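Reader: I have a model open and would like to go through some of its contacts with you. Could we take it one spot at a time?

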Amino acid sequence: MRDVPAAILLNGVLEYRAGNINLAVEQFDRLLRAQPDNLQARELLARALSRMGDARQVVSRFDADARQPYASPYLLDIVGHAWLRLGNRARGQELLARADLRGTRPAQPLAADLPLPVLAARYADGPRFAFNAVPYVRALLVAGRKDEAQEVADRLSDANPGAAEAWLLSGDVEMARGRTADALEDFGSAAAIRFNEPVLRRMDAALRALGQRDKADGMTSRFLAQNPSSIVAMKLLAASWASRAPSPARDQLENALGARGQGRSLR
């Protein structure tokens, strides 16, 4: 199991929690070599390098990520503070200011690692495999060929109806095409197989985009009740409740986020 990505991730987290930061860095770096587009692994490696005090490696490896429109506030904060430690106050403050911006960030496809014709040829050799389909969908989206991307994504989910990730891919492309109701249906199919945080994020976003805020809050609250340690669910509710009047539930959520080092998000 030591070569399974989930096991590598777990080992890295355990080493980090135990204070063995050098070993955690090795594990997260190993995971990124296997899954270079794993954004969670990239954030964890950046965090571990920051805790080691290696600000120079943080900026050399992750400043390019911080320049992307899909960079998370968490990564922006890590890279911003690394620049401050290196004495580049202007760059550090710029990233920290972006990290503080509230509101929804539009989804952006990750850049393809190979030219579109190469990915198309590889896809033609095995269209039912995610290894071939996902990079091809990504490249088609970057090229603006959204209808073709939808065909490829739907073909993958039709070939793998029991794979939640395949339905998420179809839904992601629907969202990129502005077909939010259809995306929600695909996300629902994924939820019927495995209702986890990636599914929650997408369903929450789709419901809110459709103006169904109360339904989104109810769904996310139920998920949190069943998964009380979910930071993702807490943050989704915090973002929704930020404009509402104070209440015991809101205070409880604020305290829970604060206890987990997530700041006072509701004020």
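Reader: Leaving aside neighbours within four places in sequence, which residues is Leu31 in contact with?
Author: Keeping in mind that this is a predicted model, Leu31 is in contact with Pro5, Ile8, Leu9, Asn38 and Ala41 once its neighbours within four places in sequence are left aside.

Reader: And where does Leu31 sit, and is it buried or exposed?
Author: Leu31 has its place in helix α2, which covers residues 21-34, and with a relative accessible area of 1% it is buried. If you are looking along the chain from there, Ala130 is 99 residues apart from Leu31, and the C-alpha atoms of the two are separated by 19 Å.

Reader: Let me jump to α7 and α8. At what angle do they pack?
Author: Helix α7 (residues 116-125) and helix α8 (residues 130-142) pack at an angle of about 145 degrees, and their axes are 9 Å apart. The crossing of α7 and α8 is left-handed.

Reader: Which residues meet there, between α7 and α8?
Author: From α7 the residues are Leu116, Leu119, Ala120, Arg122 and Tyr123, and these meet Phe131, Asn132, Ala133, Pro135, Tyr136, Ala139 and Leu140 in α8. Sorted by class, the contact of α7 with α8 has ten nonpolar residues, one polar and one charged.

Reader: Changing topic, how many aromatic pairs does a search of the whole structure find?
Author: The search finds two aromatic pairs. One of them is formed by Phe195 and Phe223, and this pair is edge-to-face, at 5.3 Å centre to centre and with 70 degrees between the planes.

Reader: What parts does the pair of Phe195 and Phe223 tie together?
Author: Phe195 lies in the loop between α11 (180-193) and α12 (197-209), whereas Phe223 is in helix α13 (residues 213-226), so the pair ties together parts that are 28 residues apart in sequence.

Reader: While we are on rings, what sits over the ring of Tyr16?
Author: That is the charged end of Arg51, which sits over the ring of Tyr16 at 4.7 Å from its centre.

Reader: Back to helices, then. What does Leu184 touch, not counting residues up to four places away?
Author: Leu184, which is found in helix α11, touches Met203, Ala206, Leu207 and Leu210 on that count. For Met203, which is 19 residues apart from Leu184 along the chain, the C-alpha atoms of the two are separated by 6.2 Å.

Reader: Buried or exposed, that Leu184?
Author: It counts as buried, at 17% relative accessibility, and the cut-off that applies here is under 20%.

Reader: Which residues is Leu168 in contact with?
Author: Leaving aside neighbours within four places in sequence, Leu168 is in contact with Phe187, Ala190, Pro198, Val199 and Arg202. Leu168 is found in helix α10, residues 164-176, and at 8% relative accessibility it counts as buried. Val59, by contrast, is 109 residues apart from Leu168 along the chain, with the two C-alpha atoms separated by 32 Å.

How values were computed. Residues numbered from 1 in each chain as written. Predicted model: local features only at pLDDT ≥ 70, side-chain atom pairs only at ≥ 80, totals over all residues. Heavy atoms only, no water. Axes fitted to C-alpha atoms, helices over the stretch in contact; angles between N-to-C directions. Helix = DSSP H or I, 4+ residues; strand = E, 2+ residues; numbered from the N terminus. Left-handed = near helix turned anticlockwise from the far one by under 90°. Contact = heavy atoms within 4.5 Å. Nonpolar A, V, L, I, M, F, W, Y, C, P; charged D, E, K, R; others polar. Phe/Tyr/Trp six-rings, centres within 6.5 Å; stacked < 30°, edge-to-face > 60°. Lys NZ or Arg CZ within 6 Å of the ring centre and 35° of its normal. Buried < 20%, exposed > 50% of the residue type's maximum accessible area, 1.4 Å probe, protein only.
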